[in-house]
Amino acid sequence: MKGMMMHRPLRIADILTFAAEVYPDSEIVSVRTEGDLHRTNYRETAGRVAQLAHALQAMGVGFGERVATLAWNGYRHLELYYAISGIGSICHTINPRLSAEQMTYIVNHAEDRVIFVDLTFVPILEKLKDALPANLTFVIMTDRAHMPENSLNALCYEELLHGQPATFDWPEFDENTAAGLCYTSGTTGDPKGALYSHRSTVLHTLIVPLSMPGVFAPGRKILPVVPLFHVNAWGTPYTAPISGATLVYPGPKLDGPSLFELMDREKVWSAWGVPTVWLGLLNEIDKQGRPPEGFGHMVVGGSAAPRPMVEKFENLGVDVCHAWGMTEMSPIGTTGQQIAGMEAWPKDKLLDWKARQGRRVFNVEFKIVDEAGKRLPHDGKTVGELHVRGNTIVAGYFKNDAATAKAVDEEGWFGTGDVAHISADGILTITDRAKDLIKSGGEWISSLDLETIVMAHPKVANCAVVAVPHPKWEERPLLIVTPQGEPPAKEELIALLAQHLAKWQLPDDVVFVETLPLTATGKVSKLTLRQEFKDYALPDAVPARAS
Ligand code: AMP
């Protein structure tokens, strides 16, 4: 017997319609590429999204067609998210930090019809133009006064909207209709497309705030540094409006001083981003001798948040929430939000807990498996590859049967490629990316374990451990460090590691560099480091393995 309840398709457009009605005055504040600060709210945004939807239809953009964006975090990018998906087309966000080759690949692979581009990125497209589809229309996201000379024959965003009606009768369609497309940053091989649906996106929007009690609420000021051009800015374009929170967008200004100034001026309460961004902010906080006014909460993810960083922010009175997820998961899979009762925990226990990846969110199931795919216990120590299942996780990749066949296991779970253990009370700890593990004499060494320890050294700003080929042991760990001021002695770092690890797990050498290479999503690029150091001559004295 079926239940006797109405069935209404879950649609993304309804999120903004709701916000415009219930929280009309909640703001969206954006640093613009034009150089100024712009303020709007959900009521005005809903009107402009309707205008944009009319404009897209007038351009002939059809149901299911892909419309790309190449833009920073700002109100126009948010408008595109809603207008494109609202008419049943697919919002394809492109990461501007991808290589020219990768960008050309994904625009052609996605068969984009239109690309909306921020002023900053016009030169990138001008260079690539000849390799992109011939029927592509370019729209520059600015007004007539700021339109640059360009060879793209581009249209002007504000002119497209001008004169269009500020209401739109959003079409009804199946909730499984595709809404968004985001390619993985593709550290190896071609990028792969995660194709989100209206249903998966709305469910993610309902699920995530539940896992972060007290974070999403009307009047809360949220700063997503995590980009709209990758992983849906961790769902904030949807979770903020549905809860009436204010969005503060940093535009192109992502350095520590700019973020400090914006947060201070707008009294941002919660800031979201990858650890490298927060290292920049911490430097500025050190210089100013105080945190930005009103700063009380942060979400850190994308790569592991080092415990010393968590500690520094907690000591400033900032409640740190660690989150883990993937492009393929919409993206959030866990959150480590502190909940009632935890304030009484001893400080060390709390910091240890916050440096782990947190609890799974509702509807994302976990299992860890060995190399043969056999399930391993959730006992807080047994380590295996993490597989996930749920309504917000990809069932395959866009137009890529080969990758789809590899993505999902025999039981229908998605293999994340992350190596982890899970405690009996469901707390996830990522111990490494499978491909970043170091195999030495048949034993595995976790690069993340070493990095976590080294990051606690006061003279270390950032670090990475990578495998270097070795004739006897197959691979040995090399520690690469960006120092904070005067570099520490190598022996000091090895001695620190030796307090926690077996001798054979210690790095064979330490190299100091000025900066670490970053991926397109702001994470330390181990792939680049492995290539750079593949011929590195390790010192002769190789520590013997324990066994
Ligand atoms: P992306 O699809 O670019 O978001 O990258 C997803 C990958 O980033 C995951 O599979 C993890 O390897 C890594 N990652 C994301 N969040 C975390 C986190 N909090 N701790 C450790 N690794 C993370």
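Start with strand β14, residues 319-325, which gives the most to the shell around the ligand, with 4 residues. Strands here are DSSP runs of E of at least two residues, helices are runs of H or I of at least four, and both are numbered from the N terminus. Keep in mind that this is a predicted model: local features need pLDDT of at least 70, side-chain atom pairs count only at pLDDT 80 or more, and totals for chains, interfaces and linings use all residues. Residues are numbered from 1 along each chain as its sequence is written, and side-chain values use heavy atoms, with hydrogens and water left out.

In total, 16 residues surround the ligand, and the closest are A323, T327, D418, R433 and K523; to be counted, a residue needs a heavy atom within 4 Å of the ligand. By type, the shell splits into 5 nonpolar, 8 polar and 3 charged residues.

Now for the polar contacts, meaning pairs of N or O atoms within 3.5 Å. A323 has a backbone N or O atom 2.7 Å from a ligand nitrogen, and G302 has one 3.0 Å from a ligand nitrogen. Q357 uses its side chain instead, with a polar atom 2.9 Å from a nitrogen of the ligand. The protein covers 90% of the 490 Å² of accessible area that the ligand has on its own, by the Shrake-Rupley method with a 1.4 Å probe.

Zooming out, the domain assignment, which is automatic or from a database, gives domain 1 (13-253), domain 2 (363-433) and domain 3 (437-532). The C-alpha centres of domains 2 and 3 are 26 Å apart. Across that pair, 6 residues of domain 2 contact 6 of domain 3, with heavy atoms within 4.5 Å.

Lastly, the peptide bond from S330 to P331 is cis, with omega near 20 degrees, and P331 sits in the loop between β14 and β15 (332-335).

Technical notes: Polar contact = N/O pair within 3.5 Å; in protein donor to acceptor, adjacent residues only side chain to side chain. Nonpolar A, V, L, I, M, F, W, Y, C, P; charged D, E, K, R; others polar.
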